Each structure stands twice: as C-alpha cells, then as structure tokens.
Amino acid sequence: MLSLDEAQSQLLALATRLPSQSKPLSACSGHYLAEPVIAKRTQPAADLSAMDGYALSSFTQPGPWRVIGESAAGRPFGNEVGAGEAVRIFTGAHVPAGCDTVLIQEDAIRDGATLKLNGSELLKPAAHIRRAGGDFLEGSTLLDTGIKLTPGAIAVAAMAGYGTLNVGGRPHVSILASGDELRAPGELCDDAHIPSSNTPMLVAMLSGLPCDVTDCGIVEDTMEALETAIQNCMQSDIIVTTGGASVGDHDLVEPVLRKLGAQIDFWKVAIRPGKPLIVGRIGKTIILGLPGNPSSAYVTATLFLLPLVRFLAGCTAPLPKVNNGTLNHAIAAGGKRTELFRALEENGVISIFSRQDSGMLTPLSMANALLINPVDAPARVAGEPAQFLRID
C-alpha cells in the first residue's frame, strides 16, 4: 500500500492543469489566478483627503485663513494654495498644491470665507491625508499565480487597472454511485436498501470550487451497467465512483476499469478510513474510485478529490493545509495506517468523537476537523501536540 503522501503525489502527477481562460472580474470569484496581477497604476495616484474639512499648510498655523475654493472627489482644486489660504475639501478629494494637512470640519470655525481653529491644538503635517502610493505602486505584484480569487482580491485587481483576469480552467466532474442497495435521496427505503448519501455529499463538497459537477445517478452492481455508465462519462475530466472499490464479489470498479483499458495507477492507500481507493486513468480522464462508506468517501474526497480539482483548476497549493493544535484527551498509539479521526476543533484544541465507524454519519455532521494520527505515532495524553485538517 502507498503512504498518504505518496498517493497524493502520484495522483497529482497524473494530472495536467486545464488551459487558462480570460474572464471579466464579475465572473472570477472562486477561480484560481493563472498569472500574477501587476499593478498598472499607483493607488492612490495622488495625495487624498481622508476626512471632510479644510486643506491648508501646517506652517501657516494658527491662522486664520481665507477659504478660496473647494476640492471634491473627481473635481480637484486646480490652483496652488498660498500662505493664509485654505480650500474646503471632502473625503477622497485631491489635496491641492501648497497644502500638507487637513483641518477636519469638527475642529474648524468658519464665518463666511474666514476659517479659524476651534481650540489651541495645532495640526501636524500629513494629518488626515492618504499619501500617493500608500496602498500600492505601479509595477508592484499584488496577487500571485495560483491564489483563489476572493472578493477582496477582485477589488484590488480592479483598483490596479484590470477589467478581466486570466484564471484556471473549470474541471468537469461526473459522480457515479454504485450499489444495488442504494435508492435516490427522499425515496422510500425498506430494510434492504439505504438512501444514497455520498453523491449529494460530494456535490456539496465541490460546490465551493470552480468546477462543473454532473450527478450520474445510481448504477447497478453489474459489469455491464458500470461499464456503460463510465463510458458515458468519458468526456469528463474526472469520474468519481463511490462503492465497489474493495475486493468483494460485488466490488466491480477495478475489473471494469481494466476491461475498459484503464491505467490503474494505484489501488489501496495506507489510511483509515479510506483504504480501498482506486486511482486510474482512461485517456485524459482521471478515475477516482472512492469507498462506499460515507465517512470513508468524505475523508478520501478531502484528501484526493478536492486537491485534484484544485490542481486542474490552477491552484498552486492544492493539498489541504495541515494545522497544529493540542489534544483535549488521550489518544492511542498509531498503527500501520495514517488515521484520520472526525473531531471538533476550537481554538486549536481538538476533541475526537468516540464513535469513528466509517458508516456513521452523525459524527461527520458535527465535525469541523480531521485529526491526523500518523503511522506508528506514540500514544499521547491531553495537552500534547497534534495535527489536524480543518473541514467544512
């Protein structure tokens, strides 16, 4: 069996990033940036007022001053301000030449064109002024290739002079649920059948990524049905199957893939839950055969499916981030597989659910973390360090 790190590396080595595409800023949220954003302009381009008030020279204090004009955002005062003069100014407006400070209107007394200080405290140079280039300078790199574009990142790109951005492609993922015991969610089930929970779970997990997902329904446990279903999805970038990935008489994913001429890159990973994971490829389509137990499917999707989608879409750091924390209670020594326990994390303190059976969904519904217990890790007590993955 491959270790977790080896399996993740081999999976990503199978993949080729999709071609980039140009999109308007309004359509870029959630996509991965395909090339860096380099500022086309300086922001602010000039000294701007941070407050409503009066622009003047700090060297002419304590006044009084004569108000000779007005500077508003988009309508700057065009002349130089001399000694004993001031200009009415508004937030975001250009600071006129000859001025180096802003007297806010709450500290000013104005009588017609005459302006005085309201009090004895003098203004400092640069008070209430946003200096030119205080945010960024033309030519500076503001956003790096591979980052996920947030609303804030899109705003800075717009301010930097961009109307469109080159972003990574949008992978197409097809999901097949395999098993005669499965029924569609909401359908009445007798004792011999269960609702199909893996597909809606996986669709939800993928919803925050730039990809298109097709629910291909439930496939019967026959070679013919599974072969046909996979062939019908061959235009996808990724085909995900759930169930049928182990070695039982009704686990048909591996033999069907071989019949279809798939290159099986690996089968079985040294993790718990999620050992029976199949990774292969037919042409340019990557096949992920996930386990059927819901928690196993969730864990393997977190470790393999989501990173694969991120990679194809242009993310330069597609693997889940490992975080450091401390244990809230004792944990047994690790075995020969990396264990991922459903857990609650709060302020870096991790509590593991007592029930970890891979078929149980209630612990998964309450978990916000997966605690990592490495291979051959020593037994640990409360307060000792531990590593975890944050999950939604």
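Exposed means a relative accessible area over 50%, buried means under 20%, and partly exposed lies in between (1.4 Å probe, protein chains only). Helices (H or I, at least four residues) and strands (E, at least two) are DSSP runs, numbered from the N terminus. The model is predicted: local features need pLDDT of at least 70, side-chain atom pairs count only at pLDDT 80 or more, and totals for chains, interfaces and linings use all residues. Residues are numbered from 1 along each chain as its sequence is written, and side-chain values use heavy atoms, with hydrogens and water left out.

An α-helix has 3.6 residues a turn, so residues three or four places apart point the same way. Contact here means heavy atoms within 4.5 Å.

The chain as a whole contains seven helices and 26 strands. Its radius of gyration is 30 Å, well over the 21 Å that the globule rule gives for 392 residues, so the chain is more spread out than a compact globule. The radius is taken over C-alpha atoms, and the globule rule is 2.2 Å times the number of residues to the power 0.38. Along the principal axes, the C-alpha atoms fill a box of roughly 95 × 50 × 40 Å. Of the 392 residues, 48% count as buried. Among contacts between residues at least 6 apart in sequence, 70% join residues at least 24 apart.

Four domains divide the chain: domain 1 (4–17 + 170–313), domain 2 (21–43 + 144–167), domain 3 (48–130) and domain 4 (322–390). Their bounds come from an automatic or database domain assignment. The C-alpha centres of domain 3 and domain 4 lie 60 Å apart.

Nonpolar cores were examined next. Such a core is a set of buried Ala, Val, Leu, Ile, Met, Phe, Trp, Tyr and Cys residues joined through side-chain atoms within 4.5 Å. In soluble globular proteins, nonpolar side chains tend to be buried together. The largest core has 48 residues, and L202, L206, F304 and L305 touch the most other members. At least two residues come from each of α1 (4–14), β13 (172–178), α3 (198–206), β17 (238–242), β21 (285–290), α6 (294–312) and β25 (369–373). Helix α6 gives the most, with twelve residues. Domain 1 and domain 4 each supply at least three residues to this core. Beyond its neighbours within four places in sequence, L206 is in contact with V173, I175, C211, V213, L305, L306 and V309. A second, separate core has 16 residues, among them L226, I230, L252 and V256.

Salt bridges were counted as a side-chain nitrogen of Lys or Arg within 4 Å of a carboxyl oxygen of Asp or Glu. The count comes to ten. In one of them, the side chains of D212 and R170 meet at 2.8 Å, N to O. D212 lies in strand β16 (residues 212–219) and R170 in the loop between β12 (164–167) and β13, so the pair ties together parts that are 42 residues apart in sequence. D212 is partly exposed, at 36% relative accessible area. R170 is also partly exposed, at 36%.

R272 forms a salt bridge with E339, and the closest N and O atoms are 3.5 Å apart. R272 sits in strand β19 (residues 271–272) and E339 in strand β23 (residues 338–346), 67 residues apart. R272 is partly exposed at 39%, whereas E339 is buried at 12%. E345 pairs with R390, again through a salt bridge, with the closest N and O atoms 3.5 Å apart. E345 lies in strand β23 and R390 in strand β26 (residues 385–390), so this bridge ties together parts 45 residues apart in sequence. E345 is buried at 13%, while R390 is exposed at 51%.

S196 is found in the loop between β15 (194–195) and α3. Its relative accessibility is 6%, so S196 counts as buried. Leaving out residues up to four places away in sequence, S196 touches A177, L182, R183, P185 and I218.
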